[in-house]
Amino acid sequence: MAGKPKLYYFDGRGKMESIRWLLAAAGVEFEEEFLETREQYEKLLQGGSLLFQQVPMVEIDGMKMVQTRAILSYIAAKYNLYGKDLKERALIDMYVGGTDDLMGFILIFPFLSAEDKEKQHAVIVQKATSRYFPAYEKVLKDHGQDFLVGNSFSWADIHLLEAILMVEEKKSDVLLGFPHSIPTIKKFLEPGSQRKPVPDDKYVETVRRVLHMYHDKKAN
Amino acid sequence: MSGKPRLTYCNGRGRMEPIRWLLAACSRLVFSTDGVLMFQQVPLVEIDGMKMVQTRAILSYIAGKYNLYGKDLKERALIDMYVEGITDLMQMILMFPFSPPEAKEKNLDSIKERATNRYFPVFEKVLKQHGQDFLVGNKFSWADVQLIEAILAVEEKIPAVLSGFPQLQAFKIRMSNMPTIKKFLQPGSPRKPPPDENYRETVLKIFRK
């Protein structure tokens, strides 16, 4: 089935942002349908489009894919951003697992109480600077190549850049000297791209309204 | 480096259990040692010259290596979707021993609700629609191993949980009788028992912040 992938999510980052990044970095144009109302969500549910009743959902190649990690893996493999063999895949999966965990601390942030936000901010910075960034720093230093895996641009690089920029938004001097020179990434970073801004109150309110999620999340 | 994969973890289920299941399903034996932790975390699996961390990465590698990951990209995608859904359910069970006593009943209700209203109906439907023995591509895969593990884990908490799911009941019997899985279900295998107070205390002690 031809046609652009279509993304179903809120008009904001959340779990869909990594997918937007990956598609953009691969130079793949995509369409989006933004969830604004509870009725839209219920319509998707009733239509059987959401396998586990959740978004993100991406229509791609005749499939209605759910589960962020599954979607990302499919896109990475399809557009040759997943290494050249099983071992390179394994490394990419490991690295992406780490950046995913780091971004998980940031993802939950808008939904915390004001008091927890302050604590979480410190947690994010601490985990980034003492657990995750040193691990990737070492990888890059040890092999001296431009990219994390196999001397070739991959999903791992895109995911790490996304994580660095998100942490940087919380603490501006945390950025490493990471390659910004890849054309598709550069394009995604320009105004007018489909990259979503930092989640604001309007975003939080929309998510709460659509998912009927009216309690504050707890940080773990 | 050839030889058996080596697993480093606490002596209990946790995040290592799905890895034990998958290795057992392809008849690889396991034992434990210590190693370098990329993100300061376990599970750690030393396999084929790599010190692998990140549960999902480890499971994907094993599945890919032992042909439990479908025949093409689309079957992979299905397997990944199913595995991720099951993992979300298992996450609730994973965290259960660490919830405060006053929250345990509510958490148990949540597990039951999610299993019976969100996850099990999906796999019941998948099996019913294609009428095959396995979830994806008419062939044993990682998705089947993950599902049988989850079914048994939920049943330990909620014994009658499969009562509305005839396909899953049949699936459970079929999987349990597969030679490698049957072996893993027997006493003396690397399979770990349900987490007890001792396990919980050990984990808290080791990961004390």
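Which residue, with a positive phi, follows helix 3 of chain A? That residue is A:Asn80, and its phi is near 55 degrees. Helices (H or I, at least four residues) and strands (E, at least two) are DSSP runs, numbered from the N terminus.

This is a predicted model, in which local features need pLDDT of at least 70, side-chain atom pairs count only at pLDDT 80 or more, and totals for chains, interfaces and linings use all residues. Residues are numbered from 1 along each chain as its sequence is written, chains are lettered from A and ligands numbered from 1 in the order in which they are written, and side-chain values use heavy atoms, with hydrogens and water left out.

**Helix 3 of chain A**

Helix 3 of chain A is largely enclosed by the rest of the structure, because 9 of its 11 residues are buried. Buried means under 20% relative accessible area, exposed over 50%, and partly exposed in between (1.4 Å probe, protein chains only). Among the buried residues of this helix are A:Arg69, A:Leu72, A:Tyr74 and A:Ile75.

A UniProt annotation from an unreviewed entry, "domain: GST N-terminal", covers residues 3-83 of chain A. UniProt positions are given in the numbering used here, feature names are shortened, and annotations may be inferred rather than shown by experiment. Over residues 3-83, chain A is 36% helix and 20% strand, with the end C-alpha atoms 26 Å apart.

**The interface of chain A and chain B**

In this model, 32 residues of chain A are in contact (heavy atoms within 4.5 Å) with 31 residues of chain B. The two chains bury about 2,800 Å² between them, and 64% of that area is on carbon and sulfur atoms. Buried area is the accessible area (1.4 Å probe) that two parts lose on being put together, summed over both. In chain A, the residues that lose the most area to chain B are A:Phe52, A:Met94 and A:Arg131, together 23% of what that side buries.

The rule finds 10 residue pairs in polar contact across the interface, both residues at pLDDT 80 or more. A polar contact is a pair of N or O atoms within 3.5 Å; within protein, one must be able to donate a hydrogen and the other to accept it, and residues adjacent in sequence count only if both atoms are side-chain atoms. Strand 4 (63-66), helix 3 (68-78), helix 4 (86-107) and helix 5 (114-143) of chain A each give two or more residues to the side that touches chain B. Helix 4 of chain A supplies the largest share of that side, 10 residues.

**Backbone features in the loops**

| Peptide bond | Omega |
|---|---|
| A:Val55 to A:Pro56 | near 10 degrees |
| B:Val42 to B:Pro43 | near 10 degrees |

A:Pro56 is found in the loop between helix 2 (38-46) and strand 3 (57-60) of chain A. B:Pro43 is in the loop between strand 2 (31-32) and strand 3 (44-47) of chain B.

B:Gln40 is in the loop between strand 2 and strand 3 of chain B. Its phi is positive, about 60 degrees, although B:Gln40 is not a glycine. B:Gln40 counts as partly exposed, at 45% relative accessibility. B:Gln54, also not a glycine, has a positive phi of about 75 degrees. B:Gln54 sits in the loop between strand 4 (50-53) and helix 2 (55-65) of chain B, and is buried, with a relative accessible area of 13%.
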